[in-house]
Every structure is written in C-alpha cells, then in structure tokens.
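Welcome! Here is a short briefing to read alongside the sequence and the 3D view. Please have both open as you go.

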Amino acid sequence: MTEFDLGSSFFHDARNTTIHSTNFDSAMHMYPHNGRLQTVKHLQNHIAAGALHNSAERCDAPRCHPETRVAVQGELVDWIKHGEQGENPKKIVWVTGPAGGGKTAIMSSLAETCQNEGLFAGGFFFSTFAQSVNRRYKRCLVPTLAYQLVQHKALQNVRERILICVEKDPAIFRKRLEEQFSQLLTQPLQGTMRETHLPKVILIDGLDECQAEEYGDTPRSRDEAIRANEADQTEILDAILKATNNPSFPFRFIIASRPEPAILSFFTDTAHNITKTIFLDNEYNPDADILLFVDAKFNAIRRQYHLPASWPSQDVKHTLVTNASGQFIYVATAMRFLEGSSGPPEKLLDQIMALGHGDVSVNPFAGLDALYTHILNSTPNPLLAARFLCSIFLFSPLNGKSAWFTQVFLEFPSSEASYVFRGLNSLIPIPLTQDHTQDHTSPYPLFHKPLTDFFKDKSRCGMLYVDDPDELYYTRYLQIWKDKGPAMPLSQRDMGSFLHQFFELGHLPDSRRFEENFQLYDVAWWLHISAVTSLFKEVHVQPP
C-alpha cells in the first residue's frame with residue numbers, strides 16, 4: 001500500500017507556475033479578446049472531437065470492406081441526393097438492426113463518401129466505450145455539429161451567425177438541447193435553402209449508446225439508468241424532429257441505432273410520417289458481403305503465413321458465413337482471432353470450426369456466443385478474465401477510466417493483466433504507447449458492444465457469468481479509503497494522478513456499507529488530500 005506523503009509537493013520540477021480559478025467562464029475572461037479566434041476556441045472546448053467521423057480516436061473504427069454493403073450504401077446516397085423528390089419525401093432515415101449487423105461500418109463509410117462528394121454537413125458518432133467520455137453524452141452533440149458547420153467552406157455566412165450567437169450567449173452550451181438546436185443550428189441556417197452547393201446531410205451513429213450523465217454521489221439503479229438514457233435519447237430525437245419540421249432547415253438526418261424501445265417508439269409513432277426505415281436484414285444480402293470480407297481476410301492471412309491457395313476450403317468459408325447469421329461482427333471477431341499471435345492460423349481455424357453453434361432459431365447469437373466462450377476459455381484464467389471485463393464494462397464508474405488507473409484500483413498489475421488477457425486481443429487489447437510501455441491515459445478499448453450483452457445474459461455466457469460485477473469495485477473502493485491509497489506502490493507523481501482520477505469516480509458504495517466502516521477512515525486526511533488534489537488540477541504551467 002502506498003500512502004500519499006502530505007509533505008511532498010505535487011509541483012515537483014514545475015517552472016513559472018501560476019494557479020487559476022477552475023470556473024470556466026471566468027477563465028475565458030483571462031484571455032485578451034482576439035476576434036473570432038477566441039470564440040472558435042470557446043466553441044471547440046465544448047465539442048467531442050472523438051465523435052467526428054474522421055477523428056484520430058476513430059482511426060480503427062469499423063468501415064465497410066471494399067465492394068461490401070454496396071446496396072444499402074447506394075440506397076442511402078441516392079436518398080441523400082434525391083430524397084426531397086417524390087410525393088411524400090422523408091426528412092429522416094433510420095438505419096437499424098440487431099447488434100453486430102454493421103451499422104457503424106456503414107455510417108463510417110457513408111460519412112467518407114458524403115464528404116468526398118460535398119454532401120456531408122456534419123456528424124456525431126456516439127460510443128459507450130470510447131476513449132473520450134464526451135462521446136457518450138448529449139451535451140456535446142449540438143456544439144460538435146455547430147463546430148463542423150463553422151469549419152465548412154460552403155457555409156461562411158452560417159459560420160459568422162453561429163459565432164455571433166456564441167459571443168452573445170457564452171452559456172448557450174449549458175441550456176436545454178432544444179434551445180441549443182435553435183440558436184446554434186436552426187436560426188443560423190435560415191435563408192440558406194436557396195443557396196447552391198450546400199451539403200445535404202447530418203449523420204448520427206449509435207444513438208442507443210447515448211447515456212445520461214449522473215450528478216451527485218448517489219448512483220442510479222439499473223432501471224433508473226435505463227429510463228434516464230431513454231429520456232436523453234428521446235430529447236435528441238425531439239430536437240431533430242423540430243429542426244426538420246422547420247421549412248428553412250436545409251439538412252436531412254440519417255440516424256443509426258439498435259431498435260431499442262424508446263427509439264423504436266419514436267420512429268414508428270411520433271415521427272413515422274417523415275421517417276424512412278432501413279432494417280439491415282436479408283433483403284440487403286449480408287451473406288454475399290460477408291463472404292467477400294472472409295475471402296479478403298483469408299487472402300491476407302495466406303500471404304502473411306505462406307499458406308497454400310487451397311486453404312481454407314470453400315466449405316469452410318461457407319460454414320463461417322452460415323454461422324455468422326448475417327452478423328458481420330462474428331466473422332470480424334473470428335478473423336481477428338486468426339490474425340492474433342496465439343497459434344498457427346490453421347490450428348486456430350480448426351478450433352473455430354469445431355465449436356458447437358447451437359440453434360439460431362432459439363438464440364440468433366449462438367455462433368457469436370460460442371466464439372466468445374472459446375476465446376475467453378483460451379486465456380490462462382477464464383473466470384478471472386470474465387470478472388475483470390465485467391468490472392470494467394458492466395459497472396459504469398470504471399468505464400472510460402484509463403487502463404492504468406483501472407489496474408491500480410483493482411490491484412491488477414500490468415504484468416498480471418498481460419497474463420490474464422493473453423489471447424484476448426481480438427476482444428480487448430491493453431493500450432500501449434509507441435515505445436510499448438503502458439499508456440497512462442487511454443481506457444481499455446472494446447472492439448464491439450455485443451460482448452457486454454453476452455456477459456449480461458447467463459443463458460448466453462454460462463459458466464462465465466458474473467453474478468455481482470459491482471462487488472469487486474465496492475470492495476476496492478472501501479479498502480482504498482481505509483488504507484489511504486492503493487496497495488500497489490506508486491511514485492509521487494503517479495499517486496497524484498491516481499487520486500485525481502479516484503476523486504472523479506463520483507460513485508460511493510451504498511451508504512449503509514460506507515457508514516459501517518466510517519470509523520476506519522482518516523477523514524481529516526482525505527479532506528486535506530482532496531483539497532491538495534483539486535489544487536493540483538488547477539495548476540497552469542506557463543511557457544518560459
């Protein structure tokens with residue numbers, strides 16, 4: 001256990017150090033006025049840069065393999081270009097379907113196509129497990145869309161109107177979503193309908209992954225969290241509906257999500273008159289696209305390992321396509337498993353083909369479940385790997401925290417994490433820096449959300465089911481309070497970083513358990529260290 005030394009300084013080796021107020025609005029006034037540049041910076045401070053379709057954070061995001069998903073992409077591009085024609089034109093397209101059907105890949109590829117053809121006005125890619133937590137919340141949606149309009153070369157007049165709005169009302173980002181939509185999008189776009197060469201569409205992906213932010217120290221129950229998430233998702237949809245019903249609003253929307261109840265209800269009831277629904281099912285022939293993807297991946301593996309052209313057989317390929325049941329995520333996970341370093345690809349493929357895939361009429365994810373189970377069982381300690389994954393991804397306080405902080409918090413050294421996660425790179429790699437040391441800032445990435453659905457359902461994950469994914473978190477939280485820090489030895493600087501992230505958790509265990517152990521805590525020490533950590537957060541090191 002490493003206890004923080006109150007006598008040491010957080011500011012070791014700091015030069016020309018000044019401390020500023022943490023109040024953002026006050027901080028804005030510290031800068032001298034510099035025309036529109038400061039306004040753009042103020043807007044930029046409220047966006048989710050990782051949610052941009054071409055952000056560095058999304059460099060590994062799924063995209064359609066060449067020559068796949070041609071039909072659905074073609075239908076969407078045609079609607080973008082000509083959707084206003086016809087007797088009953090639609091203002092919104094809802095792309096939906098089950099988990100693993102390739103919605104995000106389609107939206108990513110569509111965004112690139114639209115940008116290349118001058119059709120793309122802006123987009124936002126929500127993600128529950130993204131590196132930046134801002135991609136989960138509604139508060140960054142409108143500022144991010146407005147920022148993209150400000151940067152668009154064809155919208156210079158709109159740019160000025162948006163920036164003037166921000167200058168007149170710097171607190172616009174703290175207002176209701178409907179008000180943000182009106183002031184930052186709808187009003188600045190008035191009068192643009194007659195202009196030529198305008199972009200045509202806004203893309204929003206993963207709306208079902210939008211989460212409601214929590215305020216205060218009391219965590220929501222699961223049911224409360226679901227209702228709060230649905231309320232925020234519906235608020236977004238209501239604001240979009242109001243914007244598209246405004247005759248002066250020039251853009252249409254394509255929104256992709258799972259058919260979750262609140263979203264389904266909105267599109268089938270509230271907005272059904274202006275919505276075109278595209279459900280990713282057999283109508284778009286996913287099997288042919290999946291076979292193209294499989295062929296391309298096997299070609300690359302053969303070249304890498306100098307395997308004969310006859311490997312694998314056509315029967316094996318078609319079996320993989322059948323087992324996928326239309327889910328790209330199945331073959332994507334399988335190919336990632338083959339491309340790993342845990343064994344010869346021929347042997348790994350034999351393991352996949354030997355799996356029992358169950359009855360897809362009973363469980364449409366039977367093939368994916370069998371693959372997940374096999375990959376987890378290939379680790380040195382499958383149950384420990386499952387508990388660790390559940391602690392990270394099923395219990396929200398640790399979700400989004402850096403992998404380094406998570407390991408220290410759970411008393412899981414990086415060497416042990418590497419051991420337990422051996423063979424799991426197809427599901428969750430450990431973040432590393434360019435020199436292959438552990439990254440202290442990036443969270444654990446998750447290649448696909450369906451893995452969390454697998455862990456939540458005992459009938460799917462079987463012996464790997466974790467009854468109490470929050471118990472490990474609660475136990476460690478209380479122990480850190482008792483020990484005045486983590487058990488893992490840390491440097492002074494790392495201890496400061498850990499405590500800063502620890503105070504940001506914002507989730508106390510239930511009050512009864514906390515109060516039962518209250519006499520074990522050095523409250524005065526924690527109050528002092530909390531103040532020092534806040535001071536550390538406010539430090540601004542000025543250039544010499």
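A residue is called buried when its relative accessible area is under 20%, exposed when over 50%, and partly exposed in between (1.4 Å probe, protein chains only). This is a predicted model, in which local features need pLDDT of at least 70, side-chain atom pairs count only at pLDDT 80 or more, and totals for chains, interfaces and linings use all residues. Residues are numbered from 1 along each chain as its sequence is written, and side-chain values use heavy atoms, leaving out hydrogens and water.

- Most residues other than glycine have a negative phi, and most peptide bonds are trans.
- Asn-285 is not a glycine, yet has a positive phi of about 50°; look for Asn-285 in the loop between strand S6 (275-279) and H10.
- With 44% relative accessibility, Asn-285 counts as partly exposed.
- Lys-484, also not a glycine, has a positive phi of about 60° and sits in the loop between helix H20 (471-483) and helix H21 (492-504).
- Lys-484 has a relative accessible area of 15%, so it is buried.
- A cis peptide bond, with omega near -15°, leads from Trp-311 to Pro-312, and Pro-312 lies in the loop between H10 and H11.

**Helices and strands that pack**
- Helices (H or I, at least four residues) and strands (E, at least two) are DSSP runs, numbered from the N terminus.
- Axes are lines fitted to C-alpha atoms, for helices over the stretch in contact, and angles run from 0 to 180 degrees between N-to-C directions.
- Helix H10 (residues 286-305) and helix H11 (residues 314-324) have axes 10 Å apart, at an angle of about 130°.
- H10 and H11 are therefore oblique to each other (under 35 degrees is roughly parallel, over 145 roughly antiparallel, 65 to 115 roughly perpendicular, and the rest oblique).
- The axes of helix H3 (residues 70-82) and helix H4 (residues 103-116) come within 11 Å and cross at roughly 45°, so H3 and H4 are oblique as well.
- Residues in contact (heavy atoms within 4.5 Å) include Leu-76 and Ile-80 of H3 and Ile-106 and Cys-114 of H4.

**A buried strand residue**
- Val-201 belongs to strand S4 (residues 201-205) and, at 1% relative accessibility, counts as buried.
- The C-alpha atoms of Val-201 and Ile-80 are 6.6 Å apart, although 121 residues separate them along the chain.
- Not counting residues up to four places away in sequence, Val-201 touches several residues, among them Trp-79, Ile-80, Cys-114 and Phe-251.
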